[in-house]
Amino acid sequence: MRSPRFWLVILLLATTAFILQSRGDADRIPASQPLSQMPERFGDWTAQDIPLTDDTLAVLGKGDFLNRVYTGQPAAGNPMTKAAPISLFIGYFASQRTGQTMHSPQNCLPGAGWTFDSQRYTSFQDINGKQYKVGEYVISNGDIKQFVIYWYQAHGRSIPNEYKAKLYMVADAIRTNRTDGALVRVITQVLPYESLDSARDRATQFTQQMAPNLPRFIPD
């Protein structure tokens, strides 16, 4: 038996497809910069691009994607305090009219053997004071744990719930003829010698520095 949430998503997608087809006009796509121009340094964090596989790109569909690992610096004289890397993934879809759509984080997190230990919605402020509503996951694979921050970004909104994101997409398609949007995901490992709160603080502080850049790539 499929869950009620599954059928809700199907209904939303079918409604969106009907509305967009009945209108017949093309989406209004605002100008944006390619995600490849995201800064490669935030504070002590420096980036390395990780190419997505052809299979992954086939699943994601037509869009602009950023997949990077940002590595920090160890504290002076104590290499054991080197922070775990930060993985940043952003998938931006200029149009979702043709069925290309933002995926649930559960569909794009690490695969075989990983389980979801916890989930919650929360918020943070970036370094400029802007408020973001986000989701948090803790996932594990054996003794390895990872902390995840994610949200959907569209038209200046941050939305942690995929169903609300789709509802907003339908409403915006009707009101403004725009269906563009993105998924933003930040992951860091919970190291064996640190607490979950420490990993959360690391991911949050990185995200606070990164988030003010998003409107360049994901138009308001």
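**Reading a hairpin and a helix**

Guide: Start in the loop between strand S5 (115-125) and strand S6 (131-141), where Asn 128 is found. Strands here are DSSP runs of E with at least two residues, helices runs of H or I with at least four, numbered from the N terminus. The model is predicted: local features need pLDDT of at least 70, side-chain atom pairs 80 or more, while totals for chains, interfaces and linings use all residues. Residues count from 1 along each chain as its sequence is written, and side-chain values use heavy atoms, without hydrogens and water.

Visitor: Is Asn 128 buried or exposed?

Guide: Buried means under 20% relative accessible area, exposed over 50%, partly exposed in between (1.4 Å probe, protein chains only). Asn 128 has 63% relative accessibility, so it counts as exposed. Its C-alpha atom is 8.8 Å from that of Gln 209, 81 residues apart along the chain.

Visitor: How many bridges join S5 to S6?

Guide: Strands pair if DSSP finds at least two bridges between them. Here there are ten, and the strands run antiparallel. Gln 119 has Tyr 137 in S6 as its bridge partner. Five residues lie between the strands of this hairpin, and Gly 129 takes a positive phi near 90°.

Visitor: Which residues of H4 are buried?

Guide: Residues three or four places apart point the same way, because an α-helix has 3.6 residues a turn. The buried residues include Glu 162, Ala 165, Met 169 and Ala 173. After H4 comes Asn 177, with a positive phi near 60°.
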